[in-house]
Amino acid sequence: NRPLSTINSALRHLAKAGFGPGPVDVDGVRLENVNDNRGPDASDVSAVLTRLKKSEKSPAAIRNYAIILLAAQRALRRSEICKLSVGDVDVSRNEMRVFRKGRRTQIAIRISEQTARALSEWLLIRPQMARDGVQSLFVAIAPRPDQRGVAMSGEAIYRLIQKAGGGGRAWRPHGLRHTGITTVLRRTNNLEAARLLAGHAKVATTQRYLDDSRGMEGLAVAAMEGAFED
């Protein structure tokens with residue numbers, strides 16, 4: 001479509017100057033809206049978390065474990081993770097306050113026991129990692145002193161998730177969010193539960209993430225087996 005548009009634009013200008021018949025009468029190709037939000041398999045996420053948990057317990061491994069849980073188990077966007085501060089987390093009540101997408105004020109959300117434990121472990125060592133005055137929950141752990149202890153950027157979170165999963169398109173913050181949303185639907189068979197986990201205003205938005213997560217297509221195909229045999 002882009003080359004066709006360029007050619008027609010040139011032909012229109014030539015026609016205005018008296019050269020040629022103008023744009024060619026050729027329809028562009030109709031584009032399909034393909035939005036691939038798929039993330040890694042839940043088993044792959046579990047394998048990465050297990051590896052981080054069994055690692056040498058470095059500060060980076062403890063931090064990364066908590067971040068991956070927030071992205072996958074709590075389906076937080078990376079922008080939401082970036083905006084978290086230490087005061088937003090209440091591990092004693094399994095709660096945290098987040099700026100959900102499109103909201104100007106924070107809302108309280110529930111977190112699992114596993115996530116609360118992971119955040120507690122990170123909060124114990126965070127004071128030694130952060131610069132004075134930095135309130136962001138997650139801070140950079142870098143070899144260079146000028147990059148160490150500052151608030152993590154969205155790009156830094158993207159890179160650590162990519163590295164943890166070994167690269168590939170599925171291993172990105174939004175991919176982990178997708179995995180979390182589809183996993184909760186498989187486990188609960190409840191679209192409203194998935195919507196609340198995702199923080200979507202409308203169920204229709206949540207449905208875009210499902211990717212037949214309940215295996216409905218396979219169920220339909222199995223049901224039709226032999227339906228039209230003689």
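## Charges and surface

The 37 positive charges of the protein chain and its 23 negative ones have mean positions 9 Å apart. Here Lys and Arg count as positive, Asp and Glu as negative, with His and the chain ends not counted; each charge sits at NZ of Lys, CZ of Arg, CG of Asp or CD of Glu. This is a predicted model, where local features need pLDDT of at least 70 and side-chain atom pairs 80 or more, while totals for chains, interfaces and linings use all residues. Residues are numbered from 1 along each chain as its sequence is written, and side-chain values use heavy atoms, without hydrogens or water.

The protein chain exposes about 14,200 Å², with 52% of that from carbon and sulfur atoms (Shrake-Rupley, 1.4 Å probe). Of its 230 residues, 35% are buried, meaning under 20% relative accessible area.

## Overall build

Count up the protein chain and you get 10 helices and three strands (DSSP runs: H or I of at least four residues for helices, E of at least two for strands). Its radius of gyration is 24 Å, well over the 17 Å from the globule rule for 230 residues, so the chain is more spread out than a compact globule. That radius is taken over C-alpha atoms, and the rule is 2.2 Å times the number of residues to the power 0.38.

## The sheet

The three strands make an open antiparallel sheet in the order E1-E2-E3; pairing takes at least two DSSP bridges. E1 (89–90) and E3 (107–110) are the edges, each with a single partner strand, so one side of each has no neighbour in the sheet. Val-89 stands opposite Met-96 in E2.

Terms used
Buried < 20%, exposed > 50% of the residue type's maximum accessible area, 1.4 Å probe, protein only.
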